[in-house]
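Hello,

Here is the structure I promised to pass on to you. Please open it alongside this note, and I will walk you through what turned up.

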Amino acid sequence: ADIHGSIWYLRRDELINHLEESYPAYYTAKYGSHVAGMGKIQQMLKDDQVLLEYQLLNTELITFIITKNNFSIHYQPIDKQVPDNIALLRNIVASDPSQSYSEEQFQSFIDASHYLYTILIEPVYDKLKNKRITIVPHHVLTMLPFEILISEKPDKNSRASFKSLSYFIKEFPIVYAYSANLLMDNNLGKKY
């Protein structure tokens, strides 16, 4: 755990330094002069809330799971399937709803949505039970509607439709924040 913690701090410091140099406006908005401390975030959260903050790097996904009384970090190696599936899902969702979807598009949606669920939600699922979720996405994850991730693929012999799928939103209420600072500024903990 100590080694992982040290690696996380080094990678996070490298990422923050890169943002400060290359994207000063983003750095100021996200990390500003008053970066929200873990204690303050936890104080703001209610007992039935969990904050999931994602850091999506080229070869690793880091998920921070924060509740009123606990904090943990989940590390996971990833490859280009993650951004590829996000792009695929976005293309399907952004297509003209007046046009009917082909069976191939429907199956692509199912495959991409379920794959992303297994990467983003399944590894931390046990920490989400009976909680309301605030998601702090990063990088291309900001373009992903987590609500449409599905926990199970339908049986091949069933007459599944978009309406019948096991969407993440059916089990958990979700809100988004785009940084811990914005979360603190908006004080979402009091709003829902």
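Which way do the side chains of strand S2 point? Glu60, Ile62, Phe64 and Ile66 point one way, while Leu61, Thr63, Ile65 and Thr67 point the other way, and all of them are buried. In a regular strand, side chains alternate between the two faces of the sheet. Please keep in mind that this is a predicted model. Since 8 of the 8 residues of S2 (residues 60–67) are buried, the strand is largely enclosed by the rest of the structure.

Now for the neighbours of S2. Strand S1 (residues 49–56) pairs with S2 in the antiparallel sense over 7 bridges, and the two form a hairpin with 3 residues between them. To find this pairing on your screen, look for valine 50, which stands opposite threonine 67 in S2, or for leucine 51, whose bridge partner in S2 is isoleucine 66.

Strand S3 (residues 71–77) also pairs with S2 in the antiparallel sense, over 7 bridges. S2 and S3 form a hairpin too, with 3 residues between them. Here, isoleucine 65 has serine 72 in S3 as its bridge partner.

How many strands does the open sheet have? There are 5, in the order S3-S2-S1-S4-S5, and their pairing is mixed. S3 and strand S5 (174–176) stand at the edges with a single partner strand each, so one side of each is left without a neighbour in the sheet. On average, neighbouring strands of this sheet are turned by 20° against each other, direction ignored.

Enjoy exploring the model!

Best wishes

Definitions and conventions:
Residues are numbered from 1 along each chain as its sequence is written. This is a predicted model: local features need pLDDT of at least 70, side-chain atom pairs count only at pLDDT 80 or more; totals for chains, interfaces and linings use all residues. Side-chain values use heavy atoms; hydrogens and water are left out. Buried means under 20% relative accessible area, exposed over 50%, partly exposed in between (1.4 Å probe, protein chains only). Helices (H or I, at least four residues) and strands (E, at least two) are DSSP runs, numbered from the N terminus. Two strands pair if DSSP finds at least two bridges between them. Axes are lines fitted to C-alpha atoms, for helices over the stretch in contact, and angles run from 0 to 180 degrees between N-to-C directions.
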